[in-house]
Amino acid sequence: MKYNINEGMCPDIGNTSEKRKRYHAEFKEMVVELYQTGTLVKQILIEYGLSETTFYKWIRKQKPVKVDDGGSFTPKEFLNLQKELHRLKEENEIFKKAMVIFAKK
């Protein structure tokens, strides 16, 4: 599947002196999938005009991490789970404080 690199890019945000390319998540996933199906890295880099550093960073972010129970998750999913855990702990503390207040009444 050919992907037009200009369609995969997001517009630059802000007025910085150095303009950087921004890519849609779908484009990143598609490029990593090409790599995982056996397409040569050099071919992907040339065809889509990517830097090697950027490309390997995308691969690292999408590489699943295996856990003891046989499951797996990506680093992004792990970060989301950590955020959710933190939010739930904060909510739990609020409920505990509210229970103390209502128990005194």
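Helices α1 and α3 pack at an angle of about 90 degrees, with their axes 10 Å apart. Here axes are lines fitted to C-alpha atoms, for helices over the stretch in contact, and angles run from 0 to 180 degrees between N-to-C directions. Angles under 35 degrees count as roughly parallel, over 145 as roughly antiparallel, 65 to 115 as roughly perpendicular and the rest as oblique, and α1 and α3 are therefore roughly perpendicular to each other. F27, K28, E29, V31, V32 and Y35 of α1 meet F55, W58, I59 and Q62 of α3, where contact means heavy atoms within 4.5 Å. By class, these residues divide into seven nonpolar, one polar and two charged. Ala, Val, Leu, Ile, Met, Phe, Trp, Tyr, Cys and Pro count as nonpolar, Asp, Glu, Lys and Arg as charged, and the others, Gly among them, as polar.

A word on the source: this is a predicted model, in which local features need pLDDT of at least 70 and side-chain atom pairs count only at pLDDT 80 or more, while totals for chains, interfaces and linings use all residues. Residues are numbered from 1 along each chain as its sequence is written, and side-chain values use heavy atoms, with hydrogens and water left out.

Now for the overall layout. The protein has four helices and four strands, and along the sequence they follow the pattern β-β-α-α-α-β-β-α. Helices (H or I, at least four residues) and strands (E, at least two) are DSSP runs, numbered from the N terminus. Of the 105 residues, 14% count as buried; buried means under 20% relative accessible area, exposed over 50%, and partly exposed in between, with a 1.4 Å probe and protein chains only. Among contacts between residues at least 6 apart in sequence, 30% join residues at least 24 apart.

Let us look at α1 itself. This helix covers residues 25–36, twelve in number, and reaches 16 Å from its first C-alpha to its last, close to the 16 Å expected at 1.5 Å a residue. The expected span is 1.5 Å times one less than the number of residues. F27, M30, V31 and V32 of α1 are buried, and their cover includes β2 (22–23), α2 (41–48) and α3 (52–62). After α1 comes G38, with a positive phi near 110 degrees.

| Pair | Axes come within | Crossing angle |
|---|---|---|
| α1 and α2 | 9 Å | roughly 150 degrees |
| α2 and α3 | 10 Å | roughly 115 degrees |

The helices α1 and α2 are therefore roughly antiparallel to each other. Their contact brings F27, M30, V31, L34 and Y35 of α1 to V41, I44 and Y48 of α2, and its residues comprise eight nonpolar, no polar and no charged.

L34 belongs to α1. Beyond its neighbours within four places in sequence, L34 touches T39, I44 and Y48. The C-alpha atoms of L34 and I44, ten residues apart along the chain, are separated by 7.8 Å.

Turning to α2 and α3, their axes come within 10 Å. Here V41, I44 and L45 of α2 meet E52, F55 and Y56 of α3, giving five nonpolar, no polar and one charged residues.

Finally, K66 sits in strand β3 (residues 65–66). At 73% relative accessibility, K66 counts as exposed. Leaving aside neighbours within four places in sequence, K66 is in contact with G71 and S72.
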